[in-house]
Amino acid sequence: MNYKMMGRFIGKILMVEAVFMVPAMLISLWEREFAAVKAFMWSLAAILLVTGLLMGLCRGSKNKFYAREGLACVGLSWIVMSLLGCLPFYFSGVIPDFVDAFFEIVSGFTTTGASILPGVEGLPKGILYWRSFSHWLGGMGVLVFLLAVSSMGGGDNGYTMHLLRAESPGPNVGKLVPKMRKTAGILYLIYILLTVLDVFFLVLGDMSLFEAVCTAFGTVGTGGFGIRNDSISSFSPYIQNVCTVFMMLCGVNFTCFYLLLIRQFKSVFRDEELRLYLGVALGSVLLIVLNLRGFYETLGETVRHAAFQVATIMTTTGYATTDYELWPGFSKAILLGLMIIGASAGSTGGGFKCGRVLLVFKSLRRSVQKIVHPQKVQVVRVNGQPIDEKVIQNTNAYLAAYAFAVSLSFLLISVDGFSITTNLSAVLACFNNIGPGFEMVGPTCNFAGYSTFSKLVLIWDMLAGRLEIFPILILFSRTTWAHR
């Protein structure tokens, strides 16, 4: 295990976090929120101290980096980044309990959007900005950002792929271009472009620039922290429709956007995961609209709310325009299913991922066909290309780990005595990085009622869900820390 290089990576990540915390402090300074300014200053001092210690202790590290280092480095960096990133909430007194502050920032960085705050409209603007920006930073991934702007001290020697695979969601990660640094750069350029476009269209809807930027961070990062107590419901239908469109766009595999930029339109239209993603979304909207007939005054309002809730749940964003707890059971059942399916692989969305759903069904079909024709060689293909058996094995392993982790978390938080629906939806909402669940953790409620122990379990769920389980799970394995 190359501890020194891991420490150097974590130190660089904390430097990125410190740089991005400065604008939040300047906003507080501009707004004369001096308690928040002081909190940010103390937080920056703590981050710089830890960074200095890591960089000093890890000088002269070797550039040898293997898969287990990549996984462990990503898992540790997200934990350390969250422990220090929550300090502005804690030092400012906005969230006086450290575990609650930790829960809030983990929810931000993992783009979950689950909150323990009963209201946000009275928060200092600098704190609101940092809370919303955590979605944007975590959406594409801080390590992907670091790969995009830095050579990481060794060019493309191979270990960058281990980092990108560990942090990027989906069953498989490949290169858009031969150099991994350029791949990361392309991903972030697309991400920034979508953010700028979202801000532009939101400002056209009479949002203030501050509101538009914070909302875009949550929309493009598929996070869901709102800047109003009622999330998005008090904004105009135009704003809600803009959010719907950009949530759906950011639930698409970013490779599709790159293919569009280089004019490979046929490759995009033939993408099976994209067709599944759009098909499930459109089918869900249609079924919910039919189920909600007469629930709202007009058909247009019904379609708007149905489309928004399908988009926000399927892309695991977590915004809300209406209290879907009041919807009929059939519509809520559809939303519960969308919580599990999630967005596309290679997007900023969470969930099990449409790419994995596609592989699971194709593998299931092959297994059935093998029973009927045991001598026939069956190959799983996606987009006409054969899928490596290792990818299928990893998908099956992820499915098993996913089911086990959700079941165990549900059992553990059930000690708090809440209803089965509340607890199950809370685990699914956190593990799939969605935010709101049902009943006591529904769109008009929060997670403050859970005990400290349950919040720690849900924090683990959010981190494991965002990093696709294994980078967090590997931290608990003794073989990870054994010397080669």
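The mean pLDDT of the protein is 88, and 89% of its residues reach 70 or more; pLDDT is the predictor's confidence in each residue, from 0 to 100. This is a predicted model, in which local features need pLDDT of at least 70 and side-chain atom pairs count only at pLDDT 80 or more, while totals for chains, interfaces and linings use all residues. Residues are numbered from 1 along each chain as its sequence is written, and side-chain values use heavy atoms, with hydrogens and water left out.

**Overall composition**

- The protein contains 22 helices and 2 strands, where helices (H or I, at least four residues) and strands (E, at least two) are DSSP runs, numbered from the N terminus.
- Of its 484 residues, 57% count as buried; buried means under 20% relative accessible area, exposed over 50%, and partly exposed in between, with a 1.4 Å probe and protein chains only.
- The accessible surface of the protein is about 20300 Å², and carbon and sulfur atoms account for 66% of this area, as computed by the Shrake-Rupley method with a 1.4 Å probe.
- Among contacts (heavy atoms within 4.5 Å) between residues at least 6 apart in sequence, 72% join residues at least 24 apart.

**Confidence along the chain**

- Confidence is highest in helix H4 (residues 87–92), at a mean of 97, and lowest in helix H8 (residues 159–167), at 51.
- Over residues 152–159 pLDDT stays under 50, and for this stretch the model has 23 contacts beyond four places in sequence.

**Helices H18 and H20**

- Two packed helices are described by the angle between their axes and the distance between the axes.
- Helix H18 (residues 389–413) and helix H20 (residues 452–466) have axes that come within 9 Å and cross at roughly 165°. H18 is therefore roughly antiparallel to H20.
- Axes are lines fitted to C-alpha atoms, for helices over the stretch in contact, and angles run from 0 to 180 degrees between N-to-C directions. Angles under 35 degrees count as roughly parallel, over 145 as roughly antiparallel, 65 to 115 as roughly perpendicular and the rest as oblique.
- The crossing of H18 and H20 is left-handed, a term used if the near helix is turned anticlockwise from the far one by less than a right angle.
- On the H18 side, Ala405, Ser409, Leu412 and Ile413 take part, and they meet Phe453, Ser454, Val457, Leu458, Trp460 and Asp461 in H20.

**Two residues within helices**

- Serine 28 belongs to helix H1 (residues 3–30) and is buried, with a relative accessible area of 0%.
- Beyond four places in sequence, serine 28 touches Glu33, Ala36, Val37, Phe40, Gly126 and Ile127.
- Leucine 287, in helix H14 (residues 272–291), is partly exposed at a relative accessible area of 40%.
- Leucine 287 is in contact with Phe330 and Ile334, leaving aside neighbours within four places in sequence. Its C-alpha atom is separated by 7.7 Å from that of serine 331, 44 residues apart along the chain.

**Two loop residues with positive phi**

- Most residues other than glycine have a negative phi.
- Threonine 111, which is not a glycine, has a positive phi of about 55°. Threonine 111 lies in the loop between helix H5 (98–109) and helix H6 (125–140) and counts as buried at 1% relative accessibility.
- Glutamate 439 likewise has a positive phi, near 55°. Glutamate 439 sits in the loop between helix H19 (420–431) and H20 and is partly exposed, with a relative accessible area of 35%.
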